[in-house]
Amino acid sequence: MRLLVTGGCGFIGANFIRHMLTSRDDVAVVNLDKLTYAGNPLSLSDIEERFGGSRYHFVKGDIADAPLVESLLRDQGVDAVVNFAAETHVDRSIADPAPFLTTNVMGTQVLLEAARRTGLPRFVHVSTDEVYGALGPEGKFTEKTPLAPNSPYSASKASADLLCRAYFKTYGLPVVVTRCSNNYGPYQFPEKLIPLMILKAQANEPLPVYGDGLQVRDWIHVLDHCRGVELALMKGEPGDIYNFGSDNEKANLEVVRTLLAILGKPESLIRFVADRPGHDRRYAMGFEYAGKRLGFAPQIAFADGLSQTVAWYRENADWLQAVQSGAYREFMDTWYEERA
Ligand code: NAD
Ligand code: DAU
């Protein structure tokens with residue numbers, strides 16, 4: 001099976017490509033990535049070395065570039081698209097929503113249209129729990145929960161999900177949508193909570209916790225998410241939606257305190273800063289349907305996954321150094337200056 005994986009130089013895409021190429025020999029990957037501030041070919045340098053020229057091929061480009069996408073589908077003999085490419089950081093979407101619409105909505109439509117025109121037999125669109133909005137203290141999201149996105153990021157992802165639905169209903173395009181909770185693990189860009197806090201704690205800098213820090217996320221190890229996407233690709237029913245989660249609800253403050261304990265740093269580094277506007281209070285994913293239909297079951301316990309993740313960031317200082325480019329610093333400095 002020849003896959004066009006988009007956004008493969010980002011956090012989850014890179015983990016997915018590594019997982020697919022190293023655990024199976026029936027898959028080849030074309031990785032289409034624009035290399036935005038969040039895309040880093042370094043995350044796949046081992047894969048390039050091992051599989052480059054045979055089962056792995058990188059193309060720098062934009063999913064919103066219609067002629068490029070269509071020619072890749074036609075010329076590369078692609079059997080399936082797995083769409084990870086997106087602008088993904090909620091805070092950046094609050095600061096400037098426009099790129100989120102261009103990539104997440106228009107880019108997805110370009111991919112769907114190229115798939116329709118070329119008669120592609122399989123399309124997996126990777127989405128998020130954030131399309132469902134926020135929960136109160138009880139209950140979980142299911143695939144039937146109405147869409148109620150609250151940030152420009154989640155609104156753009158919900159829009160893309162609706163386009164997937166429209167292409168399935170109108171044209172019969174065999175699209176599967178997956179929705180996952182918060183991922184953590186190696187190669188995550190250090191603007192997201194866990195790697196950001198590891199980085200700051202290691203440097204003995206203040207750890208910026210939004211609001212009261214009691215917002216809840218359902219953390220899943222990135223490899224468990226990748227295995228879910230693999231199942232959706234191989235066994236998903238066209239037109240279906242599959243939720244992935246890990247039954248692992250944690251308040252942000254608890255996650256930050258656990259990280260400080262692993263790193264042997266004092267809790268006095270915690271700083272409560274201005275809350276994120278429109279901050280979703282709680283997410284929790286019901287993934288019974290994916291369990292029943294796909295055999296999905298998360299395998300990595302949070303305590304193990306988190307310790308391994310901290311160890312990975314400690315051992316990969318070069319990678320961290322490389323991703324903290326000028327563009328990264330510019331956004332981070334302005335955003336956190338305003339919140340302090
Ligand atoms: P990321 O920000 O780490 O990586 C995104 C990648 O997409 C980067 O390599 C970037 O260069 C690339 N990209 C951006 N715009 C592009 C464009 N126009 N054309 C081609 N490539 C482009 O993101 P991530 O955390 O790995 O998330 C991947 C996908 O999974 C996203 O669709 C996201 O919405 C979804 N998701 C993420 C999480 C999470 O916790 N991180 C959870 C659920 C779903
Ligand atoms: O739920 C899935 C989503 O998870 C994905 O769709 C998004 O792409 C991904 O970015 C992530 O969104 P969140 O907004 O939940 O993740 P983030 O790591 O930005 O924040 C996690 C929680 O931590 C959230 O409640 C905000 C809080 N936070 C975050 C940062 C960056 C802080 O308190 N301080 C911070 O500095």
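This is a predicted model: local features need pLDDT of at least 70, side-chain atom pairs count only at pLDDT 80 or more; totals for chains, interfaces and linings use all residues.
Close-up 1. Pro 208 takes part through its backbone instead, with an N or O atom 2.8 Å from a nitrogen atom of ligand 2. On its own, ligand 2 has 690 Å² of accessible area, and the protein covers 95% of it.

**Close-up 2. The shell around ligand 2.** Let's step back to see who else is here. There are 25 residues around ligand 2, and those that come nearest are Asp 129, Tyr 153, Asn 182, Arg 276 and Tyr 336. By type, the shell holds 10 nonpolar, eight polar and seven charged residues.

**Close-up 3. Backbone contacts with ligand 1.** Now look at the other ligand. Gly 10 places a polar backbone atom 2.9 Å from an oxygen atom of ligand 1. For Thr 36, a backbone N or O atom is 3.0 Å from an oxygen atom of this ligand. Ile 63 has a polar backbone atom 3.0 Å from a nitrogen atom of ligand 1. Of the 840 Å² that ligand 1 exposes when taken alone, the protein buries 96%.

**Close-up 4. The shell around ligand 1.** Ligand 1 is surrounded by 28 residues, and Ile 12, Asp 33, Thr 88, Tyr 153 and Lys 157 are the closest. Helix 1 (11–23), strand 5 (123–128) and helix 6 (152–171) each provide at least two residues of this shell. Strand 5 contributes the most, with three residues. Sorted by type, the shell has 12 nonpolar, 12 polar and four charged residues.

**Close-up 5. Val 82 in the largest nonpolar core.** This core has 60 residues, and Leu 3, Phe 16 and Val 82 touch the most other members. Beyond its neighbours within four places in sequence, Val 82 is in contact with Leu 4, Val 5, Thr 6, Phe 16, Val 124, Val 126, Val 229 and Leu 233. Another core, of 23 residues, lies apart from it and includes Leu 120, Leu 173, Val 175 and Val 177.

**Close-up 6. Arg 18, a residue of helix 1.** Is Arg 18 buried or exposed? Its relative accessibility is 15%, so Arg 18 counts as buried, since the cut-off for buried is under 20%. Setting aside residues up to four places away in sequence, Arg 18 touches Ser 43, Leu 44, Asp 46, Ile 47 and Tyr 187.

Notes:
Residues are numbered from 1 along each chain as its sequence is written. Chains are lettered from A and ligands numbered from 1 in the order in which they are written. Side-chain values use heavy atoms; hydrogens and water are left out. A residue is near a molecule or strand if one of its heavy atoms lies within 4 Å of it. A polar contact is a pair of N or O atoms within 3.5 Å; within protein, one must be able to donate a hydrogen and the other to accept it, and residues adjacent in sequence count only if both atoms are side-chain atoms. Accessible areas come from the Shrake-Rupley method with a 1.4 Å probe; for residues, only the protein chains shown count as cover. Helices (H or I, at least four residues) and strands (E, at least two) are DSSP runs, numbered from the N terminus. Ala, Val, Leu, Ile, Met, Phe, Trp, Tyr, Cys and Pro count as nonpolar, Asp, Glu, Lys and Arg as charged, and the others, Gly among them, as polar. A nonpolar core is a set of buried Ala, Val, Leu, Ile, Met, Phe, Trp, Tyr and Cys residues joined through side-chain atoms within 4.5 Å. Buried means under 20% relative accessible area, exposed over 50%, partly exposed in between (1.4 Å probe, protein chains only). Contact means heavy atoms within 4.5 Å.
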